[in-house]
Amino acid sequence: MPLALAALLCIACGFLLVSLGWLCRAPRTDDLLLRASLSVGYGLGIFSLTFFLARIYGVTNLVAVDLVVFALLLVSFLLLRTRAATSAIVSSTRQEIHGPPLLHRILTSAFAVALCVAVYSAILRTLAHPHGDGWDAFAIWNLRARFLFRAGTHWRDGFGPLLFWSHPDYPLLLPGATANFWIYLGHDDPAVPAIIGFLFTFCTVGILFSALSILRGRTAAMLGALALVTTPFFIEQGTSQYADVPLGFFVLATIALLCLHDYDSVNPFYSPRLHALAGLAAGFAAWTKNEGLLFLCAILAAYFLILVSSKILRDASPQPRQERPHDSWISFATLLAAVAPAFLLIAWFKLSIAPPGDLFSDPATTLHKLLDPARYWAVLKWYVKGFIRFGHWLPIPGTLVLLGFYWVAGSREGEEPALGFRSSILALILTLAGYFAVYLITPYDIYWHLRFSLTRLFLQLWPSTIFLFFVSYPGGAKAPVPGR
Amino acid sequence: MLPAFTDPHMHQISPRASPKFTIATSVFIFCCLLSTVRVLRDAPSPGRRQTNDLANGSDQRFAALKAALPPQGIVGYIGEPGDPADYYLAQYALAPLIVDHSPNHPLVVGNFPLSRPANLSDHLHMVKDFGNGVLLFANKDTQ
């Protein structure tokens with residue numbers, strides 16, 4: 001019962017936060033699924049932050065803190081439901097492909113089967129490995145949660161130099177949220193991180209399906225979600241209680257919200273609220289794992305670069321644009337403002353509590369490594385190998401299946417990609433480039449490091465890659481898109 | 001043709017799928033279903049639950065020792081050479097105590113799941129054997 005109450009409070013907080021920023025008009029089922037899926041991640045992010053802040057300020061009654069946060073969100077929601085949010089019903093467009101009815105039925109059945117198999121497999125994996133499957137689950141994430149929960153006022157003990165091997169510089173979204181639930185239960189039940197991992201896995205599928213359904217229709221939504229739930233590595237890692245799938249959730253949430261803003265930009269009651277939600281998701285990504293911090297910087301840099309390049313092109317082009325130029329800058333400012341709290345919290349955590357990370361522990365040799373062509377070649381080879389082998393698909397790699405699909409079905413024509421979409425593509429490229437740079441300067445043996453982490457880094461971006469692929473997905477006869 | 005989406009606030013555009021698209025989609029679905037076989041095949045058998053749950057077993061092994069140790073602070077650790085996994089599991093079970101992989105502490109946890117401790121330092125004397133290879137030592141040099 002305490003677990004159910006805590007879960008209800010957590011998801012309600014997330015739902016209120018998401019609803020505060022929600023202006024996207026979409027079919028009711030897709031809209032509800034998207035909001036519900038996002039709510040789980042946002043709720044866990046809120047639970048993590050409240051736990052961490054309560055620990056910092058020495059507040060012991062955490063239930064009261066959670067209730068105050070819930071009350072504040074509820075009051076804000078009731079006060080800030082603006083006229084624009086409730087009354088603006090705006091015509092929007094989407095381009096959906098309808099294949100032959102038989103194909104649609106086969107796709108629906110295949111998706112249903114694959115989803116059931118994925119859920120069944122995830123449940124069995126969770127039951128078989130209640131503390132997580134793999135060392136990182138209990139040597140890093142759940143160990144940190146135990147320190148936060150069990151140590152009480154001595155919670156900082158878990159960040160000491162003697163535990164350097166457990167990466168105490170890693171951010172605390174998962175351990176914090178887990179520890180918050182344990183406070184309600186009164187003991188450190190391993191079911192909590194297991195359920196959190198399970199929820200992140202299938203809420204990622206929920207975001208992918210519903211956002212694609214809103215943007216490109218049910219066919220694209222089912223194809224995209226099918227590609228994700230049939231990626232064996234995704235199901236395996238999702239239930240292993242590692243942080244890669246939760247990070248992938250927040251990366252996808254950020255990108256989906258930016259693309260939904262593109263879709264919603266025909267709205268005359270312009271509002272940057274979706275950008276606020278996207279910024280929060282990017283902040284939560286950074287609070288989940290160090291790679292999330294890289295993604296946060298990448299999305300901000302990408303958005304800024306695309307904005308500047310669009311302005312240069314717009315100045316040179318006589319064609320009118322749908323979105324007013326200053327709206328894009330307001331969006332960027334909103335994005336910056338929304339990531340700022342998480343950024344400041346992480347900066348404070350890194351500077352005040354966490355010991356220095358291991359990646360930059362050997363600056364003397366960094367320049368030497370950066371000038372070594374053999375390291376570039378090694379990382380490049382592993383990138384290519386990882387791309388081809390990614391996902392443990394049987395028998396054809398999923399990446400090649402997607403490429404083949406694109407090659408056979410043809411490219412989509414007739415629309416210029418919008419700001420959010422272009423920024424998202426560039427952000428993923430910059431993130432991959434960032435990973436590349438980290439491998440170049442790693443203080444570990446480069447092959448060991450690549451072997452044990454590269455596929456998980458690819459997995460963090462896999463749901464977003466599928467999403468962007470099917471947002472721009474090929475197929476269908478060329479159709480005019482009014483209002484664009 | 002299936003009915004197009006009917007939300008009254010949206011203009012639905014439903015272009016006709018090209019034959020190439022139909023073929024590509026069919027192949028794509030087939031490949032995904034093949035991969036689903038792997039998802040199913042790699043799932044643990046329902047009848048063999050918790051066989052690999054090392055952390056759970058470790059929690060049980062160290063439960064009695066944990067109750068005998070102070071709630072906070074640092075303890076030393078000695079164990080079988082080789083794989084550091086045993087040490088990680090001991091730390092996980094004994095948190096929030098910090099387990100330092102060193103015998104230079106007044107209290108030292110001994111973790112010998114597969115063998116009896118051998119060649120121990122003269123400074124260490126066993127305080128209690130908790131069974132299952134879990135031992136507690138005192139280090140006379142650091143008293």
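Chain B has three helices and six strands, where helices (H or I, at least four residues) and strands (E, at least two) are DSSP runs numbered from the N terminus. Along the sequence, these elements of chain B run β-α-α-β-α-β-β-β-β. Chain A, by comparison, comes to 19 helices and one strand. Please keep in mind that this is a predicted model, in which local features need pLDDT of at least 70, side-chain atom pairs count only at pLDDT 80 or more, and totals for chains, interfaces and linings use all residues. Residues are numbered from 1 along each chain as its sequence is written, while chains are lettered from A and ligands numbered from 1 in the order in which they are written.

**Burial and contacts by chain**

- In chain B, 29% of the 143 residues count as buried; a residue is buried if 20 or more other C-beta atoms lie within 10 Å of its own, exposed if 12 or fewer, and partly exposed in between, with C-beta atoms placed from the backbone.
- In chain A, buried residues make up 52% of the 484 residues.
- Two residues are in contact if their C-beta atoms, placed from the backbone, lie within 7 Å.
- Looking at contacts with a separation of 6 or more, residues 24 or more positions apart account for 63% of them in chain B and for 83% in chain A.

**The nonpolar core**

- A nonpolar core is a set of buried Ala, Val, Leu, Ile, Met, Phe, Trp, Tyr and Cys residues joined through C-beta atoms within 7 Å.
- The largest such core has 179 residues, and Leu208(A) and Phe467(A) have the most contacts inside it.
- Helix H8 (residues 191–216) of chain A gives the most to this core, with 15 residues.
- Leaving aside residues up to four places away in sequence, Phe467(A) touches Leu208(A), Ala211(A), Leu212(A), Gly224(A), Leu252(A), Ile255(A) and Ala256(A).
- As general background, nonpolar side chains tend to be buried together in soluble globular proteins.

- Helix H12 (residues 273–288) of chain A has 16 residues and reaches 23 Å from its first C-alpha to its last, close to the 22 Å expected; the expected span is 1.5 Å times one less than the number of residues.
- Because 16 of the 16 residues of H12(A) are buried, this helix is largely enclosed by the rest of the structure.
- Arg55(A) lies in helix H2 (residues 28–56) of chain A, and it counts as buried because it has 22 C-beta neighbours inside 10 Å.
- Arg55(A) touches Leu148(A) and Trp155(A), not counting residues up to four places away in sequence.
- Arg55(A) and Leu148(A) are 93 residues apart along the chain, and their C-alpha atoms are separated by 8.3 Å.

**Backbone spots worth a look**

- Most residues other than glycine have a negative phi, and most peptide bonds are trans.
- The peptide bond from Ala95(B) to Pro96(B) is cis, with omega near 15 degrees.
- Pro96(B) sits in the loop between helix H3 (85–94) and strand E3 (98–100) of chain B.
- Gln241(A) has a positive phi, near 65 degrees, and is not a glycine.
- Gln241(A) is found in the loop between helix H10 (232–238) and helix H11 (244–264) of chain A, and it is buried, with 31 other C-beta atoms within 10 Å.
- His392(A), also not a glycine, has a positive phi of about 60 degrees.
- The loop holding His392(A) runs between helix H16 (373–389) and helix H17 (398–409) of chain A.
- With 18 C-beta neighbours inside 10 Å, His392(A) counts as partly exposed.
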